[in-house]
Amino acid sequence: MHRLDKSNLPRHLAVIMDGNGRWAKQQMLKRIVGHQKGVETVRLIVEECSKLEIGYLTLFAFSAENWLRPKTEVKALMALLKKFVRSELDRMMNNNIRFNVIGNRAELPADIDGEIGAAIEQTAGNTGMVLTLALSYGGRQEIAGAARKIAQEVAAGTISPDEIDETTFPRYLYTATMPEPDFLIRTSGEMRISNFLLWQLAYTELYFSEVNWPDFDKKELYKAFRHYQSRERRFGKTSDQLRAGMLPG
Ligand code: IPE
Ligand code: IPE
Ligand code: MG
């Protein structure tokens, strides 16, 4: 087992936390128990990433499409979310973590949105890792929303259509103040993006783990990071060009 090169970790790690339901089913437990166990994994991974000085950790916790799940499951997930935000606040303060949410917050129950707003405000002055939860989040909805805002500004005459390009467009996304993810981990063996960060993942290195989220741990995280460190990020260039670019002078 190689050691981690601490100087070559993703600045922004995004995670699609998947497999809670299947984990529970395998143990003959209810799906919600899988989600409860999943919250423990969240705590562990947040702590590890913060220790490794990852700049941004973005977790897909509830998709815009997850509202279509059975009402009882949605309710239980919302209850867990509320409990999580409350119980994590002290820990986030102690670990200098800045809390953030992306997604359609207007769709969340008002009390949860209140807790979220309070946590964002309280942690706003922290200077360590930025922990972002994607809640009621959909990538297509985000892009369409950005297009809508731009159209409104054009209609109001505050911007000109000529100004819209690949550098100005992302300023209208939820992630305007964040770098793009360098690395994406999806657990549970599913190999799809499921409407997560569609614009932002354009050049992200993708990694799929067979492990269900409740079983994902420090060892699996380090394994994923070692894979990341073996990748060559070419951004359209050739390998030779990259090597030449690394030479001094
Ligand atoms: C991920 O686990 C958590 C959420 C989507 C909220 P799942 O609930 O999707 O678990 P599986 O995919 O059914 O195993
Ligand atoms: C994606 O997982 C959303 C989250 C992890 C929150 P899903 O389990 O909802 O994705 P699909 O439906 O299998 O694509
Ligand atoms: Mg799933």
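**Two ligands and their shells**

Guide: In this predicted model, a polar side-chain atom of Arg186 lies 3.3 Å from an oxygen atom of ligand 2.

Visitor: What makes that pair of Arg186 and ligand 2 a polar contact?

Guide: A polar contact requires a pair of N or O atoms within 3.5 Å. The distance between Arg186 and the ligand 2 oxygen is 3.3 Å, so the pair meets the cut-off. Arg69 also places a polar side-chain atom 3.3 Å from an oxygen atom of ligand 2, and an N or O atom in the side chain of Arg192 is 2.8 Å from an oxygen atom of this ligand. The protein covers 78% of the 390 Å² of accessible area that ligand 2 has on its own.

Visitor: Why is Arg186 called buried, rather than exposed or partly exposed?

Guide: Buried means under 20% relative accessible area. Arg186 has 4% relative accessibility, and therefore counts as buried. This residue is found in strand β5.

Visitor: Which side chains of the protein does the side chain of Arg186 contact?

Guide: The side chain of Arg186 makes a polar contact of 2.8 Å with the side chain of Asp18. Another polar contact, also of 2.8 Å, joins the side chains of Arg186 and Ser194. Asp18, Arg186 and Ser194 are among the residues that surround ligand 2, and the shell also includes Phe60, Ala61 and Phe62.

Visitor: Which strand gives the most to the shell around ligand 2?

Guide: Strand β2, residues 56-63, gives the most, with three residues. The space taken by ligand 2 is the largest pocket.

Visitor: Where does ligand 1 sit?

Guide: Ligand 1 sits in the largest pocket. The residues around ligand 1 include Met17, Asp18, Ala61, Asn66 and Arg69, and each of these five also belongs to the surroundings of ligand 2.

Visitor: Which elements give two or more residues to the shell around ligand 1?

Guide: These elements are α1 (20-26) and α2 (31-51). The greatest contribution comes from α1, with three residues.

Visitor: What makes strands β5 and β6 a pair?

Guide: Two strands pair if there are at least two bridges between them. Strand β5 (residues 183-186) and β6 have four bridges, so they pair, and they do so in the parallel sense. Leu184 has Leu206 as its bridge partner in β6.

Visitor: Which residues of β6 form the covered face, and which the uncovered one?

Guide: In β6, residues 205-208, the covered face consists of Glu205 and Tyr207, whereas the uncovered face holds Leu206 and Phe208.

How values were computed
Residues numbered from 1 in each chain as written. Chains lettered and ligands numbered in written order. Predicted model: local features only at pLDDT ≥ 70, side-chain atom pairs only at ≥ 80, totals over all residues. Heavy atoms only, no water. Buried < 20%, exposed > 50% of the residue type's maximum accessible area, 1.4 Å probe, protein only. Near = heavy atom within 4 Å. Polar contact = N/O pair within 3.5 Å; in protein donor to acceptor, adjacent residues only side chain to side chain. Areas by Shrake-Rupley, 256 points an atom, 1.4 Å probe, with all protein chains shown as cover. 1 Å grid on protein atoms, 1.4 Å probe; cavity = no way out; pocket = protein on both sides within 12 Å on 5 of 7 lines; lining within 4 Å. Sits in = over half its atoms within 2 Å of the grid points.
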